[in-house]
Amino acid sequence: LASMLVLGHGKPVVEQYWNGYDKDTAHDLRSATKSITSLLVGIALDAQVLSSVSTPIASYLNADYPNTPALKQGITIEHLLTMSSGLACDDWDALSPGNEQKMYQQTDWVQFILNLPSTASPGAVTQYCTGGPVTLGHILANATKQPVPTFANTQLFGPLGIASTSLQWADYKNHAQTDTGGHIRMRPRDMSKIGQLVLQGGKWNGVRVVSNAWITAA
């Protein structure tokens, strides 16, 4: 047990830390990072940097990964968001070709995912696949023409008053790409702001950060 933070109507009600943790200790969010990635995709769509959730991912990845099998399957941004790409990727199955533990052993995680075979048509089957949100991170970087942490600091964390010095993303590909599938480290107080933003329909202090339509869809 490390910490507990409870908000009521946006105000702290209970805040407690144990076992050497305090209010300034950043915690590994693990797969809750995926929800932050979803918010960033929504913000990019609101800004029309990404065209639509129905856009094939090949539109953003062909130049970097030409002729990879997954880009020929019609997989869209929405399929990655909903973990229904149809690729042979199941984190709950240790024998799955795309299991995340196998991905972590590679240098380029997106290359690994895009080379996976398909086991179903996109949208037909849902399987928990960390590689999908990781691939979304590369798409975000290409679409926004900036590293994911830079885009996140400007468009999400900054408006919420979350200092870039109080959080840390994990990365891969010799630090060239950001791990948007897991492992961002944040303070509980900052984590609570993400939750409050969602509860408030995408607004913070009266300012629109992400559209209510995206919050509803998500």
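Select aspartate 108: at 13% relative accessibility, this residue counts as buried, where buried means under 20% relative accessible area, exposed means over 50%, and partly exposed lies in between (1.4 Å probe, protein chains only). The model is predicted, so local features need pLDDT of at least 70 and side-chain atom pairs count only at pLDDT 80 or more, while totals for chains, interfaces and linings use all residues. Residues are numbered from 1 along each chain as its sequence is written, and side-chain values use heavy atoms, with hydrogens and water left out.

**Stop 1: aspartate 108 and its partner**

Aspartate 108 and lysine 173 form a salt bridge, and their closest N and O atoms are 3.4 Å apart. A salt bridge here is a side-chain nitrogen of Lys or Arg within 4 Å of a carboxyl oxygen of Asp or Glu. Side chains of opposite charge can pair when their charged atoms come close. The pair links distant parts of the chain, 65 residues apart: aspartate 108 is in the loop between helix H4 (100–103) and H5, and lysine 173 is in the loop between strand E4 (171–172) and strand E5 (177–178). Helices (H or I, at least four residues) and strands (E, at least two) are DSSP runs, numbered from the N terminus. Lysine 173 is partly exposed, with a relative accessible area of 30%.

**Stop 2: other salt bridges**

How many salt bridges does the structure hold? There are 5 salt bridges in the structure. Select arginine 189 and glutamate 15, which form one with their closest N and O atoms 2.7 Å apart. Arginine 189 is in helix H8 and glutamate 15 is in strand E2 (residues 11–17), so this pair ties together parts that are 174 residues apart in sequence. Arginine 189 counts as partly exposed, at 35% relative accessibility. Glutamate 15 also counts as partly exposed, at 28%.

Next, select arginine 187 and aspartate 24. Their side chains meet in a salt bridge (3.2 Å, N to O). Arginine 187 is in the loop between strand E6 (185–186) and H8, while aspartate 24 is in the loop between E2 and strand E3 (27–28), and the two are 163 residues apart. Aspartate 24 counts as partly exposed, at 46% relative accessibility.

**Stop 3**

Show helix H1 (residues 33–46) and helix H7 (residues 148–157). They pack at an angle of about 75°, with their axes 10 Å apart. Axes are lines fitted to C-alpha atoms, for helices over the stretch in contact, and angles run from 0 to 180 degrees between N-to-C directions. H1 and H7 are therefore roughly perpendicular to each other (under 35 degrees is roughly parallel, over 145 roughly antiparallel, 65 to 115 roughly perpendicular, and the rest oblique).

Which residues of H1 and H7 make the contact? From H1 they are Ile36, Leu39, Leu40, Ile43 and Ala44, and from H7 they are Val148, Phe151, Ala152, Gln155, Leu156 and Phe157. Contact means heavy atoms within 4.5 Å. The contact residues divide into 10 nonpolar, 1 polar and no charged. Ala, Val, Leu, Ile, Met, Phe, Trp, Tyr, Cys and Pro count as nonpolar, Asp, Glu, Lys and Arg as charged, and the others, Gly among them, as polar.

**Stop 4: the largest nonpolar core**

Select Leu50, Leu156 and Phe157. Of the 54 residues in the largest nonpolar core, these touch the most other members. Such a core is a set of buried Ala, Val, Leu, Ile, Met, Phe, Trp, Tyr and Cys residues joined through side-chain atoms within 4.5 Å. Among the elements that give two or more residues to this core are H1, helix H6 (131–144) and H7. H1 gives the largest share, 7 residues.

Setting aside neighbours within four places in sequence, leucine 50 is in contact with residues including Val41, Tyr60, Ile77 and Ile139.

**Stop 5: loop residues**

Select threonine 76, in the loop between H2 and H3. Threonine 76 is buried, with a relative accessible area of 10%. Not counting residues up to four places away in sequence, threonine 76 touches Val53, Ser54, Thr55, Pro56 and Ile57.

Most residues other than glycine have a negative phi, and most peptide bonds are trans. Glutamine 48 has a positive phi of about 60° although it is not a glycine. Glutamine 48 is in the loop between H1 and H2 and counts as exposed, at 71% relative accessibility. Methionine 83, in the loop between H3 and H4, also has a positive phi, near 55°. Is methionine 83 buried or exposed? Methionine 83 is buried, with a relative accessible area of 14%.
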